[in-house]
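Dear colleague,

Please find below the sequence and the structure that I am handing over to you. My notes on what was found follow directly after them.

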Amino acid sequence: MKILILTNEYPPHVYGGAGVHVDYLTREIAAIGGHDINVLCFGEQKEHKRDIKVQGVRINFSFPYQDAGRRKFLETLFRNIIMVGSVSGADLIHSHTWYVALAGCLLKRMLNVPYVITAHSLEPQRPWKEEQLGLAYRASKWLEESAFANADGIITLSEYMKRSVHGIYKIPFDKIRVIPNGLDVNEYRPTYDPNLIASYGVSPDRPFILFVGRITRQKGIFHLLNAIKHFESRLQVVLIAADPDTQEVGSEMKMKIQAAQADFSGRIIWIDRFIRRHHLIVFYSHASAFVCPSIYEPFGIINLEAMSCETPVVASAVGGIPEVVVDGETGILVPFEPKNSTDNEPQDPEKFSRDLADAINSLITSPDRRRAMGNKAREIVTRHYSWQNIARQTLDFYEEIKNPKVS
């Protein structure tokens, strides 16, 4: 099969779970063999190895725009048009995120081949995106809706997302297949290097909790910062956080860290750049607990990464997270009550922050419990989330869509 993969993120330009997913999925499908994989992505990539051909798409021309949000949106559309002009043929198209929805829809019609979408998130559930795109946020939602209406099959990462796709876009359940994120458990495994941790200014002899993610309201980092004043004083807080959604969000991050440090006698270490994967694995392994305070999370591959390194997780009970983190066994789920159906902010932000702190403190003071949870976490990841299994499920879905059964 000639498989065309359309994506915004692809190595080395990966800043979220979608990019990680596409990277490992394409590699695993190639390892199974028998397929030609053509990846079109945003960037300057150009490589051809094994059965994977990768071509990045850049914008090197100027165009009119009215504001930063529309500029970002129009850059996305122009890249999509270039993608359409770059494809000579395919047996099946598989796109990831709304950023490549236009190209997916056009190529489906032009090539007359099946079109599959993996729903990593849904625009209507991310109202804070309006900070990035402004008025163009309305258009991104329309593009996503149009792509879902045109797709032959939808992959969601969790049962939560399956229900959301059906509820928001009225896609029949029989067109949706739940295939979770996966993980390379041979790469993400307990790996210790105290000197490396120390090189980042973190004491390997003192407990620390770890946050990893983009600086965006979705990841709940501001609620975590508000919780720090309630933490055990001997605790270190390590934030590997970069790539703010906007300059304003970046400035807010700096101010909130300063305010948190003023109210906390422990140490806050902010690593304001994304670090090498091996270094990240060492951080996961040394952390006393990983914290995921997201207010919206369709799946949360970041939790799998920590769990595979035998680190318990403290996470908000939103979206697909409860399908990954087993409360009381692999971590602690913090109850989350949204303000309303259209706003994912917590109804009582102070209570949510305090509940986060209480859950974290309870693990920090219970080393035996942490170890038991960490062992169980890796056991579950190893059993259920291998990329080999995810790739085979994906290929099976491709075949079902290409050769539908006649009822």
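In strand 11, I269 is the bridge partner of V238. Strand 11 covers residues 267-271 and pairs with strand 10 in the parallel sense over 5 bridges; two strands are said to pair if DSSP finds at least two bridges between them. Helices (H or I, at least four residues) and strands (E, at least two) are DSSP runs, numbered from the N terminus. Between strand 10 and strand 11 the chain passes through helix 9 (residues 247-262), and this β-α-β crossover is right-handed. That term applies if, with the strands pointing away from the viewer, the path from the first strand over the helix to the second runs clockwise.

This is a predicted model, in which local features need pLDDT of at least 70 and side-chain atom pairs count only at pLDDT 80 or more, while totals for chains, interfaces and linings use all residues. Residues are numbered from 1 along each chain as its sequence is written, and side-chain values use heavy atoms, with hydrogens and water left out.

Strand 10 (residues 236-242) is mostly covered, with 7 of its 7 residues buried. Buried means under 20% relative accessible area, exposed means over 50%, and partly exposed lies in between (1.4 Å probe, protein chains only). On one side of strand 10 the buried residues are Q236, V238, I240 and A242, and on the other they are V237, L239 and A241. Strand 10 also runs parallel to strand 9 (residues 208-214), to which 7 bridges join it. Within strand 10, A242 stands opposite R214. The chain crosses from strand 9 to strand 10 through helix 8 (residues 221-227), in a right-handed β-α-β crossover.

Strand 9 has a further parallel partner in strand 12, over 2 bridges; there, A289 of strand 12 stands opposite I209. Strand 12 (residues 289-292) is covered on both faces: A289 and V291 are buried on one side, F290 and C292 on the other. Strand 12 also pairs in the parallel sense with strand 13 (residues 313-316), over 3 bridges, and F290 stands opposite V313 in strand 13. Together with helix 11 (residues 301-308), strand 12 and strand 13 make a right-handed β-α-β unit.

How many aromatic pairs does the structure hold? There are 14 aromatic pairs. Rings of Phe, Tyr and Trp (its six-membered ring) pair if their centres lie within 6.5 Å; planes under 30 degrees apart count as stacked, over 60 as edge-to-face and the rest as tilted. F63 and Y65 form an edge-to-face pair, at 6.1 Å centre to centre with 65 degrees between the planes. F63 is buried, at 14% relative accessible area, whereas Y65 is partly exposed, at 40%. F336 and F352 are also edge-to-face, at 5.1 Å centre to centre with 90 degrees between the planes. F336 lies in the loop between strand 14 (331-334) and strand 15 (338-340) and F352 in helix 12 (residues 349-364), so this pair ties together parts that are 16 residues apart in sequence. F336 is buried at 14% relative accessibility, and F352 is buried with a relative accessible area of 4%.

With kind regards
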